[in-house]
Amino acid sequence: MSKKLIYLVMATLIIFNFLLLSKISGATDSKEHDNSDSIRLVLNKYYHSSTVENAQLNNNIRLDPDLVLTDIDGKNVKLKSLVASDLKLIVRSSEAGCSACIENELKTIEKFAKVIIDTNIIVITTHSNVRKLTVFKQTNNIPFKMYICPDLGMPFEKKSEKPFLFLLDTNLNAQNFFIPEITEAEISQRYYTSIYKRYFKASSQRLSANIPYFKN
């Protein structure tokens, strides 16, 4: 067999192997992409179904009017005194929960606070003492009023340590229950936009054009 023929056969084999490897690689990438999409769809379905279920179980619950909280100075205060005249957005954080989740959500809430005023937002944690609460507040530069309470009486607290939010009216009725998800920032923004428009817009005079998801 001549050298030219040998070189031609070798070149053909190399090209064939290259094409075969490319096809296998493409099929693998496609399979991985399909698997990734499938996993995401399953997670999204679980998240939304869980959100609906928990909203039903935790909405329209009246909290104990004698429930006592501890403030950042170590003083006791009744929950009903915090909502004596105005609706408040309550942010519930568990000391043992996902720290990245609550830290991320608080940053989003700070933008929301610019249009409804900081005093309309209250953070209630499960920290075991004031020192830990103070460290949490300072570490995350939290501008809102903060309190400690081991149990608010919300059903969700008994099944999860994830942070959650709800509106609390002057009669201590919890409503608009919401569980933020760190990977679903757009849903959080829609939640804040909707409650702003329905509950806070009329009394707010500081609507900021620099926050695109708060619009007229």
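At the start of helix α4, residues 130-139, a side-chain oxygen of Asn-129 comes to within 3.2 Å of the backbone nitrogen of Arg-131. Helices here are DSSP runs of H or I of at least four residues, strands are runs of E of at least two, and both are numbered from the N terminus. After α4 comes Asn-141, with a positive phi near 50 degrees.

Before going on: this is a predicted model, where local features need pLDDT of at least 70 and side-chain atom pairs count only at pLDDT 80 or more, while totals for chains, interfaces and linings use all residues. Residues are numbered from 1 along each chain as its sequence is written, and side-chain values use heavy atoms, with hydrogens and water left out.

Back to α4, which contains Leu-133. Is Leu-133 buried or exposed? Leu-133 is buried, at a relative accessible area of 0%; buried means under 20%, exposed over 50%, and partly exposed in between, with a 1.4 Å probe and protein chains only. Leaving aside residues up to four places away in sequence, Leu-133 touches Ile-72, Thr-125, His-127, Met-146, Tyr-147 and Ile-148, a contact being heavy atoms within 4.5 Å. Ile-72 is 61 residues from Leu-133 along the chain, and their C-alpha atoms are 7.0 Å apart.

Now the strands. Strand β5, residues 121-125, runs parallel to β6, with four bridges between them; strands pair if DSSP finds at least two bridges between them. Ile-122 has Lys-145 as its bridge partner in β6. From β5 the chain passes through α4 to β6, a right-handed β-α-β crossover, meaning that with the strands pointing away from the viewer, the path from the first strand over the helix to the second runs clockwise. Strand β6, residues 145-148, is also joined to β2 by two bridges, and that pair is antiparallel. There, Asp-71 is partnered with Tyr-147 of β6.

For the whole chain, there are five helices and eight strands, in the order α-β-β-β-α-β-α-β-α-β-β-β-α. Of the 216 residues, 37% count as buried.

Finally, confidence. The chain averages a pLDDT of 80, and 70% of the residues score at least 70; pLDDT is the predictor's confidence in each residue, from 0 to 100. Over residues 206-212 the pLDDT stays under 50. Where pLDDT is low, the predicted coordinates should not be read in detail.

Key: Polar contact = N/O pair within 3.5 Å; in protein donor to acceptor, adjacent residues only side chain to side chain.
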